[in-house]
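Please read the following with the sequence and the coordinates open.

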Amino acid sequence: MKKKTGVFVCHCGINIAGTVDVKKVAGDLAKHDGVDVSEDYVYMCSDPGQNMIIESIKENKLDNVVVACCSPTLHETTFRNAAKAAGINDFQCEIANIREQCSWVHKDMDKGTAKATKITKSAVEKVRQNEALEPISIPVTRRALVIGGGIAGIQAALDIANTGYEVILVERNPSIGGHMIQLSETFPTLDCSQCILSPKMVEVSKHPKIKLMTYSEVQEISGYVGNFNVKILQKPTYVDPDKCTLCDECTKVCPVVMTNEFDMGLTGRKAIYIPFPQAIPATYALDIRGCPGLVPIACGKCADVCEPEAIDYDMKAEIIEEEVGSIIVATGYDLYEKENLSEYGYGKYTDVLDGLQFERLCSASGPTQGKVLRPSDHKEPKEVVFIQCAGSRDPELHCAYCSKICCMYTAKHAMLYKHHVPDGQAYIFYIDIRSGGKGYEEFVQRAVEEDGVVYLRGKVAKVFEDKGKIKVWGVDTLAGKDIEIDADMVVLATAMRPSEGASELVKKLKIAMDKDGFLAEAHPKLRPVESVTSGMFLAGAAQAPKDIPEAVAQASGAAAKAISILSQERLFHSPMVAKVSLNLCTGCGMCVEVCPYDALSLKDGKVEVNEVLCEGCGTCQATCLRAAINVKNTTPSQVHEMIRASLGG
Amino acid sequence: MVNVEDLRKEAKRILKEGKVKYVIGYERGQNGLMPKPAFIKDPEDVDRLIWNPTCVHNLTKFLVDEKKRKAGEKKPDERPVGIVVKGCDSRAIIVLLQEKYINREDVHILGISCEQTGVIDEKKLANKLKGKKAENIELDEKGNFVISVQGGTIKVPAEELLAERCLECRANYPVVYDLLLGDKTKKKVEEPFKSLEKMESLSEKERWAFWTEQLAKCIRCYACRSVCPMCYCDECVVDTINFAVTADTTASEKAGKIKWVEKSPVPSENFVYHMVRAMHLAGRCIDCGECERVCPLDIPLRFLNKKLEKEAKELFGYDAGFDPDEPSLVSSFKDEDPEDFIR
């Protein structure tokens with residue numbers, strides 16, 4: 001029996017009707033072979049529009065329908081649900097995108113109409129060969145993994161755990177806290193960063209639903225949404241946290257001094273160390289990069305003095321396997337590399353600092369106990385130059401993007417400096433001030449008005465040392481004159497970049513990066529916390545530069561998304577998956593190699609599809625020389641007919 | 001130097017010991033100088049095997065035939081097949097291994113090094129003979145081919161007789177083998193893609209004119225496809241009648257058969273056929289030159305495949321047929337792969 005097809009063309013107000021003669025498209029389609037009904041309506045997605053489709057399917061006993069409207073990413077679900085409501089399989093409904101792919105990109109009504117007709121005809125040809133499909137049902141592991149223990153990771157972990165689901169929080173450093181714990185005060189309220197973060201860290205460590213794994217890294221991930229298998233490498237700290245009493249005797253005897261990462265290299269620490277006093281978990285770690293050897297004969301001093309015998313040189317790296325249902329990636333940021341910013345003397349002159357170093361100088365727990373002193377001679381700097389956009393907004397030499405938070409923290413830095421050194425002078429070189437955000441503009445105004453910070457609109461050309469001062473040559477483009485400042489200290493608002501190792505993790509997780517290496521969201525507006533891989537979500541500065549409130553908000557958003565998976569009994573997977581024609585498959589395995597989802601494998605010389613892993617991307621289909629593997633409802637025969645229709649045949 | 005006796009000895013041994021089903025090699029042809037493929041089952045027949053610069057055929061095609069025949073047998077003889085291969089032919093085996101079409105244990109490879117020469121081009125030879133009949137051909141120590149003809153000999157410098165592919169050869173001895181005869185010194189080839197230069201210097205219009213003329217000649221005898229060891233698909237895109245129907249073939253599969261190419265040998269369809277073949281051989285063709293050799297219309301098919309070989313080499317650093325464990329060109333992706341073709 002011949003299949004009956006209905007076509008429904010949407011005006012989308014004038015979005016489509018402005019460049020496409022919708023009535024003509026519907027009329028032409030009515031004459032197309034195999035089309036029984038062809039109608040148009042002003043807003044097909046509205047209730048009356050949907051009802052029109054439902055009634056028509058029932059009345060005309062249609063086998064399948066084509067809705068010519070906007071992109072299927074928007075209303076495919078709407079119309080498939082309508083088709084289902086009318087009693088046909090949802091996959092018997094296809095969308096012909098005549099808006100994004102036609103009306104919006106064309107100006108000429110005649111050409112636009114002709115193209116819309118072809119697009120719709122090609123969808124008619126496709127839908128006619130569509131198979132009725134049922135979603136694939138899969139069980140859910142109701143636990144989550146959070147990668148990264150900065151503020152975003154902490155917030156996401158707490159939000160998920162507080163709904164009652166178990167969370168594994170993985171952090172590669174010995175303590176959670178991320179960069180936020182290094183900060184002195186936070187804008188725009190100038191409250192102490194550690195004071196607001198440490199309660200959350202304690203909550204994480206005490207939470208019965210959170211399994212905290214510090215000094216650990218995700219090694220391998222397999223599986224799919226709802227059922228990921230994660231291998232986590234737990235690096236040995238050589239200190240038993242249960243036995244350690246935090247007496248600090250070990251650091252006194254340790255002979256090795258290493259760079260203190262927490263103080264951004266402004267101070268040193270021992271090879272055995274606690275990252276900072278409020279570290280979570282509160283314990284020491286032995287950094288084997290500096291330790292002379294894990295045998296008593298090499299040194300062994302720390303073990304000798306450790307009364308509770310907490311030091312265990314035999315501790316080994318462990319690989320721990322965990323099953324989780326959803327994953328949140330909150331790997332944060334690092335600062336743009338020093339060596340790239342040599343024009344500002346960064347990395348060359350001791351008194352040219354980056355923003356995080358300045359945070360440490362201002363911090364009560366910092367190397368100078370909160371006194372702002374020059375690292376070189378411990379004198380109070382009387383003139384300090386702050387340079388914004390150091391590495392940001394510079395597509396020729398550095399990063400093209402805006403690091404977003406620098407305008408605000410530079411204002412804060414200048415303000416804090418003035419609070420510490422009231423008779424000092426702060427200068428800020430800037431391109432523009434971007435202070436959008438609640439209370440942000442007022443904050444910047446406060447820096448100018450109350451603290452007398454001098455804002456100079458312009459770029460700095462050169463920074464060099466001269467007679468114990470740091471000479472800063474710049475230009476004030478508003479006054480139109482060159483500026484020369486003999487500064488005691490220069491603070492760079494260094495660009496943010498994705499944290500080290502993020503690109504390797506991206507490959508393991510099979511999520512995507514944008515051109516700058518930040519994690520790519522599934523849709524910049526409507527799916528900002530979802531990664532391109534289902535079940536994996538993004539939080540914090542790993543996705544793009546952002547400040548604390550934004551990171552926290554995104555983390556809570558990601559947590560809600562993760563919970564929306566964990567709260568399901570079963571998940572449903574799209575049945576548009578690859579299918580192998582066994583008689584054509586020669587078992588060459590090329591599709592196995594190209595499959596980005598590891599959904600294919602060779603079995604007895606033929607390819608086998610794991611339907612749950614398959615996302616229906618069609619890479620295998622494009623690779624197979626023999627057309628032996630095809631995604632359901634996108635078969636060569638369908639594509640052939642679609643091409644024929646598009647060519648006007 | 002390759003001593004054909006060593007080849008015969010090994011063939012005899014493996015046949016006698018029952019290590020192989022049969023040995024595929026070269027034997028003297030019935031008509032003139034050119035040899036024909038030999039299939040030796042009896043150890044006593046090994047003296048039929050020959051080796052000389054006329055052994056042009058890529059015998060690996062018979063491994064494909066063997067696999068297809070075996071698939072149809074109820075109780076197949078699982079022993080390997082012995083096969084004589086040159087450097088280029090061995091690369092075809094590598095591709096078949098890479099594509100898991102055959103297993104390494106299915107073949108016993110008798111590799112022969114072309115040393116510093118290669119095989120001759122029949123057409124070039126015919127030009128030199130000017131109607132005379134050649135009885136024998138040998139390489140002298142100065143690198144000349146000495147052709148015995150009735151009433152004397154003709155001496156020709158090797159490069160004037162060698163097949164084009166041998167002049168551009170990058171694997172003058174087998175990459176994979178169980179026994180290797182001859183010298184393993186790498187041949188120096190300064191310009192492996194020299195033959196393409198002239199074609200590449202033509203304008204788009206001139207190239208179109210050239211190929212229109214060449215491909216219009218094609219009678220679609222499919223000799224190029226039949227001789228190619230990489231054309232092993234059961235069903236070819238150009239055949240709609242030859243669709244491999246088995247018990248598993250569903251009705252929708254049968255209904256879904258598409259006629260991508262018309263059967264008639266008209267220029268447009270010939271273009272599609274040759275383009276599809278060339279694209280399907282990208283990163284797989286190992287330049288054995290057989291397609292061009294067997295073409296009854298002298299279509300310079302090697303240009304198409306050589307060009308794609310060059311593209312693969314220059315864009316992706318990929319050389320077909322050297323490493324069986326490497327993923328094939330079309331199934332591998334590297335972050336640093338060029339994308340400048342996306343416009």
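How many bridges join strand 18 of chain A to strand 29 of chain A? In this predicted model, strand 18 (residues 326-329) and strand 29 of chain A run parallel and are joined by three bridges. Within this pairing, Ile328(A) is found opposite Phe537(A) of strand 29.

These two strands belong to an open sheet of five strands in chain A, with the order 10-7-6-18-29 and parallel pairing. Strand 10 (210-213) and strand 29 (536-538) of chain A each have a single partner strand and stand at the edges, so each has one side without a neighbour in the sheet. From one strand to the next, the twist averages 20°.

Helix 14 of chain A lies across strand 6 (143-147), strand 18 and strand 29 of chain A, and its direction is at about 170° to that of strand 18 of chain A.

The largest nonpolar core has 139 residues. Helix 14 (residues 548-566) of chain A gives the most to this core, ten residues. Among the residues with the most contacts inside the core are Val146(A), Ala156(A), Ile328(A) and Ala539(A).

Elsewhere in chain A, is strand 1 buried or exposed? Six of the six residues of strand 1 (residues 5-10) of chain A are buried, so the strand is largely enclosed by the rest of the structure. In a regular strand, side chains alternate between the two faces of the sheet. In strand 1 of chain A, Thr5(A), Val7(A) and Val9(A) are buried on one side, and Gly6(A), Phe8(A) and Cys10(A) are buried on the other.

Strand 1 of chain A also has parallel partners. Six bridges join strand 1 to strand 2 (residues 35-41) of chain A, where Tyr41(A) is the bridge partner of Cys10(A). Five bridges join strand 1 to strand 3 (residues 64-69) of chain A, where Ala68(A) is the bridge partner of Val9(A).

The last topic is the contact between chains. Here 19 residues of chain B are in contact with 18 residues of chain A. The chain B side of this contact consists of six nonpolar, seven polar and six charged residues.

Terms used: Residues are numbered from 1 along each chain as its sequence is written. Chains are lettered from A and ligands numbered from 1 in the order in which they are written. This is a predicted model: local features need pLDDT of at least 70, side-chain atom pairs count only at pLDDT 80 or more; totals for chains, interfaces and linings use all residues. A nonpolar core is a set of buried Ala, Val, Leu, Ile, Met, Phe, Trp, Tyr and Cys residues joined through C-beta atoms within 7 Å. A residue is buried if 20 or more other C-beta atoms lie within 10 Å of its own, exposed if 12 or fewer, and partly exposed in between; C-beta atoms are placed from the backbone. Helices (H or I, at least four residues) and strands (E, at least two) are DSSP runs, numbered from the N terminus. Two residues are in contact if their C-beta atoms, placed from the backbone, lie within 7 Å. Ala, Val, Leu, Ile, Met, Phe, Trp, Tyr, Cys and Pro count as nonpolar, Asp, Glu, Lys and Arg as charged, and the others, Gly among them, as polar. Two strands pair if DSSP finds at least two bridges between them. Axes are lines fitted to C-alpha atoms, for helices over the stretch in contact, and angles run from 0 to 180 degrees between N-to-C directions.
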